[in-house]
Amino acid sequence: MSGGASVSYVFVHLLPELAAAQADLEAAAWEWIEPAAEVYLVALTGLALFYGLERAAVTSRGERRQAGEEDRASPGVFWLHVVSFAVYNLLIGYLLLHREEPGRTSLLTFALAMGLHFLVNDYGLRHHHRHIYDHTGRWILAAAVLAGWILGLRVEIDELTLALVFAFIAGGVVLNVLKEELPAERESRFWAFAAGAAGYAALLLLV
């Protein structure tokens, strides 16, 4: 349900905002690739980056299992994951104060969607890294959200750069949710995912 709600937020709320942001980029003469491509290219970059991180963890766990070691990713991959997700969480924390659409309703829907998304990420990272994630990783990622919020209190970026940050987060959300839902070895539930997606989409349409 958390995964469904997170993806629903991206498709119902974020993607329309990205379309508007792309129009702003074009008006500001940011057409450095193809018209109407920059924002979506950044979203694709976010998706591809987190896919690469997932594959690194899966490969590392497989190599360690073959060597007769504990079924978890190597320390190097663990720290790669932690640093990458810390930056990701920091950006989400920053967006708590600076979003494309200001206001209390926007804050509540964003905070709820990202809070549920953190549950999905937490499950996936614990699956790959076991006790070292519980002991160290989760605290770093929690602190990164707080650091992003503090950064948002002190630094304000322009609207066009903010649109690119939103695009990167959107790509990351889609990949991080679907990688937990699609693999056959995961105990995912279609009806729970569908209920979360439909319920959160209805909430967004109502507000």
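How many salt bridges does the structure hold? The structure holds 7. A salt bridge here is a side-chain nitrogen of Lys or Arg within 4 Å of a carboxyl oxygen of Asp or Glu. I'll come back to some of them.

First, the ground rules. This is a predicted model: local features need pLDDT of at least 70, side-chain atom pairs count only at pLDDT 80 or more, and totals for chains, interfaces and linings use all residues. Residues are numbered from 1 along each chain as its sequence is written, and side-chain values use heavy atoms, with hydrogens and water left out.

Now the overall fold. The protein chain has 7 helices and 0 strands. Helices (H or I, at least four residues) and strands (E, at least two) are DSSP runs, numbered from the N terminus. Along the sequence, the pattern reads α-α-α-α-α-α-α. Of the 207 residues in the protein chain, 45% are buried. Buried means under 20% relative accessible area, exposed means over 50%, and partly exposed lies in between, with a 1.4 Å probe and protein chains only. Take the contacts between residues at least 6 apart in sequence: 78% of them join residues at least 24 apart. Contact means heavy atoms within 4.5 Å.

Next, the inside. The largest nonpolar core has 45 residues. Such a core is a set of buried Ala, Val, Leu, Ile, Met, Phe, Trp, Tyr and Cys residues joined through side-chain atoms within 4.5 Å. Y9, Y88, L95 and I169 have the most contacts inside this core. Helices α1 (2-27), α2 (38-66), α3, α4, α5, α6 (159-181) and α7 (190-206) each supply at least two of its residues. Helix α6 gives the most, with 13 residues. Look at I169: leaving out residues up to four places away in sequence, I169 touches Y88, L91, I92 and L95.

Now find H98. H98 sits in the loop between α3 (75-95) and α4 (104-129). Is H98 buried or exposed? H98 is buried, because its relative accessible area is 14%. A polar atom of the H98 side chain lies 2.7 Å from the backbone oxygen of G152.

Out to the surface. L97, L146, W149, I150 and L153 form a nonpolar patch there, with about 450 Å² of accessible area together. One of them, I150, lies in helix α5 (residues 131-154). I150 is partly exposed, at 38% relative accessible area.

Back to the salt bridges. R65 pairs with D71, with the closest N and O atoms 2.8 Å apart. R65 counts as partly exposed because its relative accessible area is 44%. D71 is also partly exposed, at 25%. D71 forms a salt bridge with R130 too, the closest N and O atoms being 3.5 Å apart. That pair links distant parts of the chain: D71 is in the loop between α2 and α3, R130 is in the loop between α4 and α5, and they are 59 residues apart. R130 is partly exposed, at 30%. Salt bridges that share partners join R61, R65, D71 and R130 into one network.

One more pair. The side chains of E70 and R72 meet in a salt bridge, 3.0 Å from N to O. E70 is partly exposed, with 37% relative accessible area, whereas R72 is buried, with 12%.

Key. A polar contact is a pair of N or O atoms within 3.5 Å; within protein, one must be able to donate a hydrogen and the other to accept it, and residues adjacent in sequence count only if both atoms are side-chain atoms. Patches are made of residues with over 30% relative accessible area and no salt bridge: like charges are joined within 9 Å, nonpolar side chains (Val, Leu, Ile, Met, Phe, Trp, Tyr) within 5 Å. Accessible areas come from the Shrake-Rupley method with a 1.4 Å probe; for residues, only the protein chains shown count as cover.
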